[in-house]
Amino acid sequence: MSSVRLLVGTRKGAFVMTADGKRKNWDITGPHFAGWEMYHVKGSPVDPNRLFASQSNSWFGQLIQRSNDGGKTWEAAGNKFVYDGVPGTHQWYDGTPHPWEFKRVWHLEPSLTDPDVVYAGVEDAALFRSSDGATSWEEMSGLRKHGSGAGWAPGAGGMCLHTILIDPINPKRMYIAISSAGAFRTDDGGESWTPINQGLRSAHIPDPTAEVGHCVHHIAMHPARPDVLYMQKHWDVMRSTNGGSLWQEISGNLPTDFGFVIDVHAHEPETVYVVPIKSDSEHFPLDGKLQVFRSKTGGDDWEPLTKGLPQKDCYVNVLRDAMSVDRLDSCGVYFGTTGGQVYASPDGGENWEAIVRDLPAVLSVEAQTLP
Amino acid sequence: MIRVVLPAHLRTLAKVNGEVELQVAGEATQRTVLDALEARFPMLRGTMRDQVTLERRAFLRFFACEEDLSFVGADERLPEPVVRGKEPFLVVGAVAGG
């Protein structure tokens, strides 16, 4: 019988949660790396027991951990992230030039085909690649050097490269997203990159339709239709049907279109999930009601999913990497909150139950479907 | 032999309990002590000083013999009690944050 493993990163450690296909009873181990900020933990699709974890704090900096047994044991991997050449400056919050400085790894994206290849999205924004299982890292500097880098600026959480999507059909094509620069695509395996922000409109930047400068919060893709992308921007939920070349707003009837997470059902490429957040100044659900919204039509027409979620006095946030889906026949949907809850729905969002309620603030959730 | 006391997170990372005892080649300085420490515990690379510039991380301090050695040159000889193993070289994390 298939099972599910959740890899949960929090402000004070990582947790590994496993359940059988019913996804009712969960075994939880952790905290792994207690006291450290675990921005992201993710497993290789080729070898699900090979996990990579981003471990950091302000005192001791960035570490990368690797497990070859599904998170039972870990070993420190390489943590030398050096920008290619002289990195120069980007824009600071006040518009002045600010030196590029490595701070942390936000996101680790293992290759779809090679368990030794893994990509790292870092702050200050850049993309790194390892081809030896995270032992050594090399910047894919074509992104940072494509021309607009000097104009990129940090969002409230820093200038982070937080989303990495690999096209499962065309291995030369990847997508990344940066707060606050926007989305970029490569069609040559990372040598060169193109901003893909046409159709985005951001009222809080000087030129609302600028080529770069948009605060993209997250992008999701269904592997069967990699040209169709869904984006949760700072404000606005967006969709592209041509690999990001043009975006259209699909916020439709959402009560608020601010938010961080977005994900796609494992078996229904037009079924999309978001968690609306009140506003950029009030990072919690509307009216204290935690609601996942689902569209079965690729956007515009959204329905609230609330069964099992708190519908009063709930003022948590759901951060950009904190939602994931499994690939069981009845698609499981999972998300974690800044209040330390991890919610699971074994039936595509119809019913929710908290796996755990009192973890440190959840930064990321990744679901693995195991044989 | 040089005695080194690491902060709790780095002891956990290095999988050690209590003090670390190091043999340091040549003159005992901050640089040679950290070189020896990182050689024995590679997982500590980058956690105390930048791997390229070798500058001390901002939220760390080095103490010994009730003195703050954080701003002493990396190649200056450590105090004699540290060199002779009478006093430990302390790596201290700033008391900050939550």
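What share of the contacts in chain A between residues at least 6 apart in sequence join residues at least 24 apart? It's 50%, with two residues in contact if their C-beta atoms, placed from the backbone, lie within 7 Å.

A quick note before going on: this is a predicted model, where local features need pLDDT of at least 70, side-chain atom pairs count only at pLDDT 80 or more, and totals for chains, interfaces and linings use all residues. Residues are numbered from 1 along each chain as its sequence is written, while chains are lettered from A and ligands numbered from 1 in the order in which they are written.

Chain A has 30 strands and zero helices; helices (H or I, at least four residues) and strands (E, at least two) are DSSP runs, numbered from the N terminus. Its radius of gyration is close to what the globule rule gives for 371 residues, so chain A is as compact as a globular protein of that length. The radius is taken over C-alpha atoms, and the rule is 2.2 Å times the number of residues to the power 0.38.

| Chain A | Value |
|---|---|
| Radius of gyration | 19 Å |
| C-alpha box along the principal axes | roughly 50 × 45 × 40 Å |

Buried residues make up 53% of chain A, buried meaning that 20 or more other C-beta atoms lie within 10 Å of a residue's own.

Over at the partner, 15 residues of chain B are in contact with 10 residues of chain A. Helix H1 (residues 8–14) of chain B gives the most to that side, with three residues.

How values were computed
Buried ≥ 20, exposed ≤ 12 C-beta atoms within 10 Å, placed from the backbone.
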